[in-house]
Amino acid sequence: MFSTLQDKFHRDRSDRDLTLPQPTAPALAVTSFFEYLVVVSLGKKRGQGTYEPQITYQFPKLANMELSQREEEEKSLKAILLFCFPEGVNWAPLTEYPSETFSFVLTEVDGSRKNGYCRRLLPHGKGARAPEAYCIISRVACFGLFSKIFDEVEKRRQISMAMIYPFMQSLREAPFPAPGNTVKIKSFIPESGTEIISLTRPLDSWLEHVDFRTLFHCLTNEEVLKVFASTVLERRIIFMAEELSTLSQVLHAVAALLYPFTWQHTFISIVPSVLIDVVMAPTPYLLGVQRSKLDDVTDQSDVSVCSVSGRIGDESTILPEKLQEELLQALCCRRDNSTSEELNKVVSEAFLSFFVKTVGHFSSHVKGSSGRQPGVFQKKSFCKASEHKASQHFVKRFIQTQMFDIFIQEVERRPTQEGFFHKKIAEYQESKKKEKAMRGERACGVNVGIFRQNEQLICHMLLKTTGIDQQ
């Protein structure tokens, strides 16, 4: 499926903040904000009129790393060059260039992920010059914090490159805050003196990497549901837009809709030109491609995604009709002037409720577990036990996905685990019990009323028979 985002998104540079989706990954013991910062500049090739990205500075330097770590990072650095300037060689000196922030994911050999946050800007100076990129590599998934860090980096870059590194050193030495906590960084700037920079981590940590605003600027509610339907069935999806920030924000938001499940296949929020062949892959993927690469994509893609509107055609029938209506009603409750936190709450709860109602009964169908012993998931009984008959068809298809398989494997290993999803399931089941009890009470009330009316009628008839009521 292709979803063209251009012409729908009203550019709002203040709304660029978004991060990387890893909602169900176990929490890492993160002790620092980042691993390293690299500065990527565009250098002109000798004897050619084209430019190529090159790393002009790294902090801390590779020489300070252990040998094994240095070898691994050297591989990552080559990938970083591609992601910082994915457009390739088509650059020319500029006199104006608005700063742009975007993000990407680096997957390592062991399957772990590192998050790349990038801000491209035009360095201070006169005349035409090439933009440069500042890229932070971190295990942390919290783009709100890194966007503010980039603001400080850019402010210092306009004074002097040398002003950046003391700030980054102070940041590197600071502990990464717990959800809801604030870390204060001291930083000296000439003519301004020592500044105190406060970095606050959102309290709702499982959504701190997401901002859904760009997604709903680009797509209607109905379109979001169609994208969601294709994503839960793990299809191949390509998003197209002009701006890198739009692509990365939308892809990370779509992946976040899957919580508590995690996209298990290829995920490239910004596909570099040299990797455009990835659209030919026969396996599921979520890809972000700049609109300038439209011809390359349509030329190389196969029959199933051969056109820009290449939907399979069943997207509106994948989700149960009643739950689709509930999702639309919930999404309509969001306000245009809502904060990022308010929007995140409305959207996340809507889609989380969908999973609670369709597959929230999974724990009752994990059999054979005792204490710490793993259990076995009973697929057939699970499907038959769907709350609504209309949901069974969807559930039968969803349990065949890799994201559900990985999720249920973890449940089998740890049947008694608890988390945010489990809490929501418990709340929903409790509300269903109360609703059932209230229906029973109302039914009893009606029966008692009928009995009392009949009792009064019988008494009245007896009185008339005996003639007592005529006294």
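**Close-up views of a predicted model**

View 1. Residues are numbered from 1 along each chain as its sequence is written, and side-chain values use heavy atoms, with hydrogens and water left out. Ser245 belongs to helix 6 (residues 244-256); helices (H or I, at least four residues) are DSSP runs numbered from the N terminus. Its side chain forms a polar contact with the side chain of Glu243 (3.4 Å). A polar contact is a pair of N or O atoms within 3.5 Å; within protein, one must be able to donate a hydrogen and the other to accept it, and residues adjacent in sequence count only if both atoms are side-chain atoms. Not counting residues up to four places away in sequence, Ser245 touches Glu100, Thr101 and Phe102, where contact means heavy atoms within 4.5 Å.

**View 2. The largest nonpolar core.** This core holds 98 residues, of which Ile80, Phe212, Leu215 and Phe351 touch the most other members. Helix 10 (residues 340-359) provides its largest share, nine residues. A nonpolar core is a set of buried Ala, Val, Leu, Ile, Met, Phe, Trp, Tyr and Cys residues joined through side-chain atoms within 4.5 Å. Leaving aside neighbours within four places in sequence, the contacts of Phe212 include Leu207, Ala253, Leu343 and Val347.

**View 3. The buried side of helix 9.** Helix 9 (residues 321-331) has Leu323, Gln324, Leu327 and Leu331 as buried residues. These residues lie on the same side of helix 9 because they cover an arc of only 105° around the axis, the arc being that of the directions from the helix axis to the C-beta atoms. The face turned away from this buried side carries the exposed residues Glu321 and Gln329. Among the elements against which the buried residues of helix 9 pack are helix 4 (213-218), helix 5 (221-232) and helix 10.

**View 4. Cysteines without a disulfide.** The count of disulfides is zero, a disulfide being a pair of cysteine sulfur atoms within 2.5 Å. The sulfur of Cys333 is 7.2 Å from the closest cysteine sulfur, in Cys332, and is therefore too far for a bond. Cys333 counts as exposed, at 57% relative accessibility, whereas Cys218 counts as buried, at 1%.

Conventions: This is a predicted model: local features need pLDDT of at least 70, side-chain atom pairs count only at pLDDT 80 or more; totals for chains, interfaces and linings use all residues. Buried means under 20% relative accessible area, exposed over 50%, partly exposed in between (1.4 Å probe, protein chains only). Helices (H or I, at least four residues) and strands (E, at least two) are DSSP runs, numbered from the N terminus.
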